[in-house]
Amino acid sequence: MKMVNKQDLKSILGQIPLTAEAYWYLRQPGKPVSSEFTLDRLEASIPEWRSQVMTSMVYKSPNRSAEHPCERIFIFATLRYWLEHATLLGIALAGMGHSVSLAYLPYARWQEPIDAFNLRRQNVYTANILAKASPLLNVVPLLSQSKVSYLPAELQQAVELVSLRDTQYTLQVEQVNLESDLYRLRYERNLAAARAAFSYLERHKPDVIVLPNGTILEFGVLYQVARHLSIPTVTYEFGEQRDRIWLAQNAEVMRQDTAGLWRERQDQPLSQEQLAQVRKLFASRQRASLFENFARRWQGVPSEGGAQVRQTLGLDQRPIILLATNVIGDSLTLGRQVFSDSMTEWLERTVHFFATRPDVQLVARIHPGELITKGPSVADVVHTTLPSIPENIHLVPADAQVNTYDLVEIADLGLVYTTTVGMEMAMSGVPVIVVGNTHYRGKGFSLDPSSWDGYFELLTDVLADPASYRLSQARVDQAWNYAYRFFFEYPHPFPWHLVHFWKDIETLPLARLLSDEGLCGYRQTFRYLAGEAIRY
């Protein structure tokens, strides 16, 4: 008789109802299934958070819902760190008078398979920990919910698109194999999440759904289901600023839609104080130093000046075109094409063009972010496209000891997909052609072609006389105005950054947030999270 190995046995038991749950209760009650999905800090914190809420003056006040109506809020999370963050967010919103349901999927990794037996054990482990938040949270284990047998065609297509982006994001490539194990894994998980979420949300119809990210993984799928069902949805994410959060309502937050903010503020000139603040930020980016609550440096080396970078790269007096790249497969580039099929296609056709233009110099500054990613480099794209690189095309590697802002100083024209460097080139008066759907495209200080023909015609016209396209002072001022709005008004005050979550809780415990002092600084952001229309 053939022996059944341990993994095969788990696969069999994973298909039998209650076996995994019974195993967990009998063999490891209260214990995590694996070190990758350990919620011990969350488990230790929930009773304290619960106590802080239920003894707070806000929660005990009989008029806590009078100033702002109670909403039925549905929050979803998966992955340990997002689940920790969403739990505290949900408890805080419950403390402010809302009825909160917290739905979850118990995955430790989005890119690796897990057998049904262990997944169900992680599910019951998580449910038991979150149950400690009762009565503040209604816990919804999405894995255990009934599922619709099929999805509307529109949602089916959305699941396929999110799965494609998941694969691109994970591998950090734009061309992927839809038959690959990774794509099939993401598709199967996304499809299961969509079917369960559709079933639950169609029956319960919360007033508002709150989701991290809203573009990739199960977060993206839940967003698509919510919009299909016309349920108001808030998506949120975090940038490099501490004490700040990005919010979007009925939109994917990673799209960074600043249209409403810009409509309200574009005609308001900056005050001297505001201008000084954004100038200080810009200077810190040039010097490769930290600024206020920004948690990262934008350059590896400080500025040495345009003359030095000319000498370092061997550049002559021919016009210089600075192509500032994004990281391939980055979430800020996926799905951002305007007329190209992808960022990669744009890069390929652009370097082909400049290979025929020895009268100008193309400097491709490869994003330093490539140093911490595993995907292919933009340099690989260029070398594949041009096996023999002409002398007028210069690649500046990700690890080059070159400050990007020195390149901006000597550039006659900028080419960008979605990188913020394009906005900063405009702030320096450099004309910039923007080809991706980035937040600053169409704001009045960039050149924004909408077709391949338009792109190459514009490129040819600018190269014929770069000086005539140099930005006027009015447009430079407009770029500075926009930069201030984007960095200092688009993000909203919020106490707990995802990356610094446990440290931030020490700085601002839940009890302090729910005090008059804490609510004074953050009340409006939590109202926006609860669905109140964002106002600028």
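The expected span of a helix is 1.5 Å times one less than its number of residues. In this predicted model, helix α8 covers residues 181-204, and its 24 residues should therefore span 34 Å; the end C-alpha atoms are 34 Å apart, in agreement with that value. Just after α8 comes lysine 205, with a positive phi of about 40 degrees.

Helix packing is the next topic. Two packed helices are described by the angle between their axes and the distance between the axes.

| Item | Value |
|---|---|
| Helix α3 | residues 40-54 |
| Helix α5 | residues 80-95 |
| Angle between α3 and α5 | about 10 degrees |
| Distance between the axes of α3 and α5 | 10 Å |

Angles under 35 degrees count as roughly parallel, so α3 and α5 are roughly parallel to each other. On the α3 side, the residues in contact are Leu42, Ile46, Trp49 and Val53, and they meet Glu84, Thr87, Leu88, Ile91 and Gly95 of α5. By class, this contact of α3 with α5 has six nonpolar residues, two polar and one charged. An α-helix has 3.6 residues a turn, so residues three or four places apart point the same way.

Asparagine 392 sits in the loop that joins α14 (378-385) and β9 (393-396). Is asparagine 392 buried or exposed? Its relative accessible area is 2%, and buried means under 20%, so asparagine 392 is buried. The side chain of asparagine 392 reaches the backbone oxygen of phenylalanine 354 at 3.0 Å. Leaving aside residues up to four places away in sequence, asparagine 392 touches Arg318, Phe354, Arg357, Pro358, Val360, Gln361 and Leu362.

Key
Residues are numbered from 1 along each chain as its sequence is written. This is a predicted model: local features need pLDDT of at least 70, side-chain atom pairs count only at pLDDT 80 or more; totals for chains, interfaces and linings use all residues. Side-chain values use heavy atoms; hydrogens and water are left out. Axes are lines fitted to C-alpha atoms, for helices over the stretch in contact, and angles run from 0 to 180 degrees between N-to-C directions. Helices (H or I, at least four residues) and strands (E, at least two) are DSSP runs, numbered from the N terminus. Angles under 35 degrees count as roughly parallel, over 145 as roughly antiparallel, 65 to 115 as roughly perpendicular and the rest as oblique. Contact means heavy atoms within 4.5 Å. Ala, Val, Leu, Ile, Met, Phe, Trp, Tyr, Cys and Pro count as nonpolar, Asp, Glu, Lys and Arg as charged, and the others, Gly among them, as polar. Buried means under 20% relative accessible area, exposed over 50%, partly exposed in between (1.4 Å probe, protein chains only). A polar contact is a pair of N or O atoms within 3.5 Å; within protein, one must be able to donate a hydrogen and the other to accept it, and residues adjacent in sequence count only if both atoms are side-chain atoms.
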